[in-house]
Amino acid sequence: MPKVSTFTVVPKLPPALEPLLPIARNLWWCWDHEAIELFYRIDRNLWDSTSQNPVSLLGQVTQERLEELATDEGFLAQLTRVSQRFQDYLKATPWRDKHKDAPADFNVAYFSAEFGLHESVCIYSGGLGLLAGDHLKSSSDLALPLVGVGMFYREGYHRQYLNADGWQQERYPRNDVYQLPLSLVRDKKGAPLVVELPFPDRVVKVRVWRCDVGRTPLFLLDTDFDANDPDDREITGQLYGGDRDTRIRQEIVLGMGGVKALHAMDIHPTVYHMNEGHAAFMALERMKDLIRGEGLTFEHAIESVKTASVFTTHTPVSAGNDMFAPEMVSHYFKKYCDELGITIDQLLALGRQDPADAREPFCMTVLALKLSAFANGVSKLHGEVARDMWARTWKDIPASEVPITSITNGVHSKFWISRDLSGLFDRYLGPSWVTDPSDADIWAQIEDIPDAELWRTHERRRERLVNFARHRLVTQLKARGASNSEIAAASEVLDPEALTIGFARRFATYKRANLFLADQERLVRILKNEKKPVQFIIAGKAHPQDNLGKEVIRNIIHFMRQHDVRNQLVFIEDYDINVARYLVEGADCWLNNPRRPMEASGTSGMKAAANGVLNISVLDGWWCEAQPMGEVGWSIGHGESYANTDEQDNVESDMLYELLEREVGPAFYDRGRDGIPRRWIRMMKNSIKMIVPEFNTHRMVTEYADRFYLPCTVRRNEMRADKRARSSKLTTWKQRVRTSWDKVHFLSVESGPTESLPFNSHLPVRADLFLDKLSDSDVVVEVYHGDVDAFERITIGRTTSMRCVEKLDGNIFRFEGAILCDKTGQQGFTVRAVPSHGDLAQKHETALICWA
């Protein structure tokens, strides 16, 4: 083939329209409704056909139309308003203004394998990416010093369509970088910035694209260019595509390449946040820099990296935690180990819960947990599940004390709340709902909105959702070659006044998208109830390799056809952010029925609630925290646990039908003389005013900053001062403790009388502890006590500190304490010792404990 030279063409805007370009190239526009309207006014049909992509829009609109707009006074006035607001937004520094005492070098690097920012930037799959995108948007609104690091996937995640049998098919259109709000990062000489990653027998080169998300820059790594061989160009081909070898290469690029890219851009974060384990190799790259650049030992490098690392785990499903065979890790990291003078076993130990088990695979989640100062799940329940799931990493430490806490997810309210509802909020709540969405007092003013006005606004959104679903269904049928009669019928499906239930998410089997099909005859009666009809709009993708998830989709399609409910049940293909927006803005109820406790958080229900949509949900993830707030929706069950999953499905599907028949339907259709459902509207207002101020990413990001980012930065700066003196001392201390710990043991434990102790009395306890070459200042000794079960195991333990009262011969120390008997009934106690040092970030950081 002939050699082809490339060139790029950019829009030629009349001078009066030039402010459009910087707005189009910064995703701030996607959560500013007036900016969205500005692009919509340019060319409505082109706006829709470009997936609401302003860069592509400006590149395709005719020059005649641009010249026409350049003389349109109304358009120019709107452009001036939007442009001025955009410039004012970029200049403001609200976070620094409120945190004047924060370290001057404070800066966070937020790594994620996917970012869901807008449907036109197809580098996301589902909830993890949408959460990451909202994290960046709120960081921008708050002006938190943060940069994002991700991957630019040329084919993104798959685009979904169904064949005539209802079986999911996939296609992979390529992202055209020149039609996206991305710019190539260049070095000081103006050449494209390229970093090199050593792979076995070759070097992989990575270039970097910048995407501006308001004030927050997102840097996307890319291997798909001529400097790499075809196989390595595919590393950034597809999100979650390929085999295990593809996955480890992607995660090396994301983690290690991301660190290299930041340093090449002279960005030096004080905190590195891993959003899931995909980016955990970043810690290894930072360790290599410290060992080669500052001469640190391997152990000291671990300590220094851990000080500035934060990790968020998102999945209680084992398959969601990447694991690699030891042989694969050895293949890709042998050279790394040779350069640092360590063995492959030393490296593998960092990714194993039991480092002594040579058969255990290398787990990215374990690597991240071991190399982070702070770790968290994404809801309170998920925090508990994660502590149980990863307890073996902290052997013999009670699961309740495993150092994994929780910060519950949220959503970016401004992005997800409909324009119609936003206008209502502006009128009755004022502008503060945008700038301070966590203020409950602001949302309490929801009560000032007249019921009729709120209901009319919601009905408009439901009608738009129905029209959108009809349009998408017609498009789907045409693409499938359906008959004219089928296409004509599709334009009349659904009832814009009927109770509409939305269900949209990944079609992973644990999410039980087919639970509502358990009793099909009963479901048909509910759907076709003449007085109280119910309709479902469903969307979601299965992973290309998940045939069980695809089977669920096909079963839904077959049910629709067999029972002639195509007017009451619609499946929208190719679920994306745009589909999600229509659904969470226009549905009446949002259905969520995962198999508890497998939903880490879930954020779609938060987005729905922000629009006044009522949740119907299993008590899992975030809903466990929202449901106790009051009348904000309905719960399927009471959080029961089942040994038999078939029994669970039968019981909970029956509960769902009962709710629809006895609670949800009657509340929706119980209308006053004015046609307004007063009880329903009361629940809508409760849902908005109680859920929105708590479950938003402004609150979430602020919590990460206050609990993790700032303490990490302060501690990191203290530990690295004076040539890392404190960090070095802590490393030496840990090595000394580990050397002696196998010999540490209790010689005796004694107590006072244990029968018939009066309430509020004290039980004295004394223990003699052999500490080998350690001293009493190296440990904390505690009485561990609480209720006991039938096997005399302490079920919910509490601790009471003991103090050293005497040093005996042979490095034996005597400790004494007393248990407050503040609970009646049979109790149990034992004694334990835990290493203690003033510079530890967490009590159980060493993962060592000695029990009597």
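Start by selecting Trp416: with 1% relative accessibility, Trp416 counts as buried (buried means under 20% relative accessible area, exposed over 50%, partly exposed in between, with a 1.4 Å probe and protein chains only). The model is predicted, so local features need pLDDT of at least 70 and side-chain atom pairs pLDDT 80 or more, while totals for chains, interfaces and linings use all residues. Residues are numbered from 1 along each chain as its sequence is written, and side-chain values use heavy atoms, leaving out hydrogens and water.

The structure holds 33 aromatic pairs.

Next, select Tyr178 and Trp209. Their ring centres lie 6.4 Å apart with planes at 85°, so this pair is edge-to-face. Tyr178 is exposed, at 53%. Trp209 is buried, at 3%.

Now show Trp455, Trp634, Phe668, Tyr669 and Trp680. They form one aromatic cluster.

Move to Arg215 and Tyr89. The charged end of Arg215 sits over the Tyr89 ring, 4.0 Å from its centre (NZ of Lys or CZ of Arg must be within 6 Å of the ring centre and within 35 degrees of the ring normal). Then try Arg505, whose charged end sits over the ring of Phe503, 4.5 Å from its centre.

Last stop: Ser406. Ser406 is buried, at 16%. Among the residues it touches are Asn376, Glu703 and Arg707 (contact means heavy atoms within 4.5 Å).

Definitions and conventions:
Phe/Tyr/Trp six-rings, centres within 6.5 Å; stacked < 30°, edge-to-face > 60°. Lists of a residue's contacts leave out its neighbours within four places in sequence.
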